[in-house]
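Have a look at the model below with the helix packing in mind.

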Amino acid sequence: QLWRESAALNSWGVHITEDLTWTTNVMSLNKKGQQRLHFLRRLKRASLSPPILTTFCRGTIESVLTSCITVWYGNCSAADRKTLQRTVNTAAKIIGAPLPSILDIFLARCSSKASSIVKDPTHPSHNLFQLLPS
């Protein structure tokens with residue numbers, strides 16, 4: 001019965017559904033991101049510079065949209081990915097400067113996680129990685 005609807009895990013609230021889809025989680029993250037776009041628009045109206053708006057966006061919107069991204073992004077649907085990217089695109093239009101795509105952030109975080117596992121011989125997954133000769 002615990003997993004019947006969805007369960008919230010960790011402080012960010014990762015939603016895991018009975019059918020193991022990530023739509024509930026993505027919709028929750030996107031809703032939070034959309035709410036924060038309001039504040040980005042208000043800051044834009046206050047004539048803040050694009051670098052300050054970008055910093056605000058990366059700290060408040062991107063951090064929400066990409067919470068635990070290494071866990072769920074690889075298995076979410078194309079429609080869910082498009083939903084999140086649409087929010088990022090909206091933020092970029094408000095700022096007037098490009099922002100990294102959700103896919104780019106996912107790939108960078110996965111690469112970073114793999115690198116940290118390779119460097120830590122005490123990590124339980126350390127033996128699952130082998131460095132290539134190059």
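The side chains of T87 and N30 make a polar contact at 2.4 Å; a polar contact here is a pair of N or O atoms within 3.5 Å, where within protein one must be able to donate a hydrogen and the other to accept it, and residues adjacent in sequence count only if both atoms are side-chain atoms. This is a predicted model, in which local features need pLDDT of at least 70 and side-chain atom pairs count only at pLDDT 80 or more, while totals for chains, interfaces and linings use all residues. Residues are numbered from 1 along each chain as its sequence is written, and side-chain values use heavy atoms, with hydrogens and water left out.

So where does T87 sit? T87 is in helix α4; helices are DSSP runs of H or I with at least four residues, strands are runs of E with at least two, and both are numbered from the N terminus. T87 counts as buried because its relative accessibility is 1% (buried means under 20% relative accessible area, exposed over 50%, partly exposed in between, with a 1.4 Å probe and protein chains only). Leaving aside residues up to four places away in sequence, T87 touches N30, G33, Q34, L37 and L65, where a contact means heavy atoms within 4.5 Å.

Now for the helices themselves. Two packed helices are described by the angle between their axes and the distance between the axes. Axes are lines fitted to C-alpha atoms, for helices over the stretch in contact, and the angles run from 0 to 180 degrees between N-to-C directions.

| Helix pair | Angle | Axis distance |
|---|---|---|
| α1 (residues 23-45) and α4 (residues 78-95) | about 5° | 10 Å |
| α2 (residues 50-65) and α4 | about 165° | 10 Å |
| α1 and α2 | about 170° | 8 Å |

Helices α1 and α4 pack at about 5°. That makes α1 roughly parallel to α4; angles under 35 degrees count as roughly parallel, over 145 as roughly antiparallel, 65 to 115 as roughly perpendicular and the rest as oblique. On the α1 side, the residues that meet α4 include T23, N30, G33, Q34 and L37, and on the α4 side they include D80, T83, T87 and I95. The residues of this contact divide into eight nonpolar, seven polar and three charged (Ala, Val, Leu, Ile, Met, Phe, Trp, Tyr, Cys and Pro count as nonpolar, Asp, Glu, Lys and Arg as charged, and the others, Gly among them, as polar).

Helix α2 is roughly antiparallel to α4. Their contact is made by P50, L53, T54, C57 and L65 of α2 with L84, T87, V88, A91 and I95 of α4.

G74 is partly exposed, at 44% relative accessible area, and touches R81 and F106, not counting residues up to four places away in sequence.

Zooming out, the protein has five helices and two strands, running β-β-α-α-α-α-α from the N terminus. Of its 134 residues, 33% are buried.
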